[in-house]
Amino acid sequence: MEPLLGVKIGCVFALLVLTLICGLIPICFKWFQLDAATGRHRRVLSLLGCTSAGVFLGAGFMHMTADALEGIESEIQKFMMQDKKGGKCF
């Protein structure tokens with residue numbers, strides 16, 4: 001069960017990093033740069049817009065990742081059985 005726990009921890013860490021990156025991507029676009037904003041009010045609204053866009057992107061990727069990882073436990077079990085038999089892994 002140790003490899004499965006490692007995979008789960010890795011997936012949680014990957015989701016955290018992916019959500020953080022998706023939260024920072026909109027800041028790179030010209031429309032959201034703080035230089036283009038005039039006044040403190042526009043800066044705050046721009047930063048909030050970037051944060052909300054990142055949340056939606058991260059949630060979308062997290063939703064897709066959950067479907068992609070649905071059968072990972074059975075695949076890991078197959079890999080472990082094949083490795084114990086001394087067969088080729090790849």
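Visitor: In what order do the elements run from the N terminus on?

Guide: The elements of the protein run α-α-α from the N terminus on. There are three helices and zero strands; helices (H or I, at least four residues) and strands (E, at least two) are DSSP runs, numbered from the N terminus.

Visitor: What kind of model is this, and which residues count?

Guide: It is a predicted model, in which local features need pLDDT of at least 70 and side-chain atom pairs count only at pLDDT 80 or more, while totals for chains, interfaces and linings use all residues. Residues are numbered from 1 along each chain as its sequence is written, and side-chain values use heavy atoms, with hydrogens and water left out.

Visitor: How do α1 and α3 pack?

Guide: Two packed helices are described by the angle between their axes and the distance between the axes. For α1 and helix α3 (residues 72-84), the angle is about 140° and the axes are 10 Å apart. Axes are lines fitted to C-alpha atoms, for helices over the stretch in contact, and angles run from 0 to 180 degrees between N-to-C directions.

Visitor: What share of the residues is buried?

Guide: Of the 90 residues of the protein, 11% count as buried. Buried means under 20% relative accessible area, exposed over 50%, and partly exposed in between (1.4 Å probe, protein chains only).

Visitor: Changing topic, how many salt bridges are there, and which residues form one?

Guide: The structure holds one salt bridge, defined as a side-chain nitrogen of Lys or Arg within 4 Å of a carboxyl oxygen of Asp or Glu. E75 pairs with K78, and the closest N and O atoms are 3.4 Å apart.

Visitor: Where do those two sit, and are they buried or exposed?

Guide: E75 and K78 are three residues apart in helix α3, so about one helical turn separates them. E75 counts as partly exposed, because its relative accessibility is 46%, whereas K78, at 52%, counts as exposed.

Visitor: Which residues make the nonpolar surface patch?

Guide: F13, L16, V17, I21 and I25 make a nonpolar surface patch of about 460 Å². Patches are made of residues with over 30% relative accessible area and no salt bridge: like charges are joined within 9 Å, nonpolar side chains (Val, Leu, Ile, Met, Phe, Trp, Tyr) within 5 Å. Accessible areas come from the Shrake-Rupley method with a 1.4 Å probe, and for residues only the protein chains shown count as cover.

Visitor: Where is I25?

Guide: I25 is in the loop between α1 (2-24) and α2 (39-68). With 38% relative accessibility, I25 counts as partly exposed.

Visitor: And where is C28, and how far is C28 from C50?

Guide: C28 is in the loop between α1 and α2 and counts as exposed, at 61% relative accessibility. C28 and C50 are 22 residues apart in sequence and 9.5 Å apart in space, C-alpha to C-alpha.
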